[in-house]
Amino acid sequence: MEASRHAFYAFDFDEQTSLLSFNWTEKSAGMTDDDYTQALREYARLMLKHRARRALIDLRKFRYRLGDPDGLRSWWANEIVPLYNQAGLEKFAFVLPEGEHAPPDKTPAKAEEGEKFLTKQFGTKQAAISWLTADS
């Protein structure tokens, strides 16, 4: 079920698997840092609304270049991660763009400081969904 759509991205929620997908579009090249943070805030709000246990961010069409990556990482850790924790998120997967080296699928998932969920990167969407929906 499509949960939300914007020129830069679309969010889809699969109630059966409790998976909220964040699919960037190539139009993300025209974003600003404010557009980027608004997108992440909206995703976090939907995460809370649906109490999603699994999250997928598909970066294959993500074209935006962050203006201040370090500042945004800190903002994400302080503002967004607590919302994911509050929602009860268990697994978080990223599908990396073509050309970026994804770790082997067997690489263990890990939780960063302050996170109550496991995060892992993948080279394909199918591998990410398989991990997200596997019983573990």
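Is arginine 65 buried or exposed? I started there, keeping in mind that this is a predicted model. Arginine 65 comes out exposed, with 61% relative accessibility. I found it in the loop between E4 and H2.

**Entry: serine 28**

Next I went to the loop between E3 and H1, where serine 28 sits. Serine 28 counts as buried because its relative accessibility is 0%, and the cut-off for buried is under 20%. I listed its contacts beyond four places in sequence and got Phe8, Lys61, Phe62, Arg63 and Tyr64.

**Entry: the H1 and H2 pair**

I then turned to the two helices, H1 (33-50) and H2 (69-87). I get axes that come within 8 Å and cross at roughly 15 degrees. The cut-off for roughly parallel is under 35 degrees, so I write H1 and H2 down as roughly parallel to each other. Their crossing is right-handed. On the H1 side I noted the contact residues Asp33, Tyr36, Thr37, Leu40, Arg41, Tyr43, Ala44, Met47 and Leu48. The H2 side brings Leu72, Trp75, Trp76, Glu79, Ile80, Leu83, Tyr84, Gln86 and Ala87. I sorted the residues of this contact by type and got 13 nonpolar, two polar and three charged.

**Entry: alanine 87**

Ala87 turned up in that contact, and I followed it up. Alanine 87 belongs to helix H2, whose residues are 69-87. With a relative accessible area of 2%, alanine 87 is buried. What does alanine 87 touch, once residues up to four places away in sequence are not counted? I find Met47, Leu48, Arg51, Ala52 and Arg53. For alanine 52 I also checked the C-alpha separation from alanine 87, which is 6.7 Å, with the two 35 residues apart along the chain.

Arginine 51 is in the loop between H1 and E4. At 39% relative accessibility, I note arginine 51 as partly exposed. Its phi is positive, about 55 degrees, although arginine 51 is not a glycine. Most residues other than glycine have a negative phi.

Arginine 53 is placed in the loop between H1 and E4. It counts as partly exposed, at 30% relative accessibility. How far apart in space are arginine 53 and leucine 89, C-alpha to C-alpha? I get 4.3 Å, for a pair 36 residues apart in sequence. Leaving aside neighbours within four places in sequence, I have arginine 53 in contact with Ser18, Ala87, Gly88, Leu89, Glu90 and Lys91.

**Entry: serine 18 and leucine 19**

Ser18 is among the contacts of arginine 53, and I moved there next. Serine 18 is in the loop between E2 and E3. Phi is positive here too, near 55 degrees, in a residue other than glycine. Serine 18 counts as buried, at 13% relative accessibility.

Leucine 19 is in strand E3. I note it as buried, at 6% relative accessibility. Not counting residues up to four places away in sequence, leucine 19 touches Asp12, Phe13, Asp14, Arg54, Ala55, Leu56, Ile129 and Leu132. I also checked asparagine 85, which is 66 residues from leucine 19 in sequence and 15 Å away in space, C-alpha to C-alpha.

**Entry: the cores**

Last, I looked at how the nonpolar residues group. In soluble globular proteins, nonpolar side chains tend to be buried together. How many residues does the largest nonpolar core have? I count 34 of them, and those with the most contacts inside the core are Phe22, Trp24, Tyr43, Met47, Trp76, Tyr84 and Phe92. At least two residues of this core come from each of E2 (9-14), E3 (19-24), H1 (33-50), E4 (54-58), H2 and E5 (91-95). Apart from this core lies another, of nine residues, including Leu19, Phe122, Trp131 and Leu132.

Beyond four places in sequence, tryptophan 24 touches Phe8, Tyr9, Met31, Tyr36, Ala39, Ile57, Asp58, Leu59, Lys61 and Phe62.

Methods. Residues numbered from 1 in each chain as written. Predicted model: local features only at pLDDT ≥ 70, side-chain atom pairs only at ≥ 80, totals over all residues. Heavy atoms only, no water. Helix = DSSP H or I, 4+ residues; strand = E, 2+ residues; numbered from the N terminus. Buried < 20%, exposed > 50% of the residue type's maximum accessible area, 1.4 Å probe, protein only. Contact = heavy atoms within 4.5 Å. Core = buried A, V, L, I, M, F, W, Y, C linked by side-chain atoms within 4.5 Å. Axes fitted to C-alpha atoms, helices over the stretch in contact; angles between N-to-C directions. Parallel < 35°, antiparallel > 145°, perpendicular 65-115°, else oblique. Left-handed = near helix turned anticlockwise from the far one by under 90°. Nonpolar A, V, L, I, M, F, W, Y, C, P; charged D, E, K, R; others polar.
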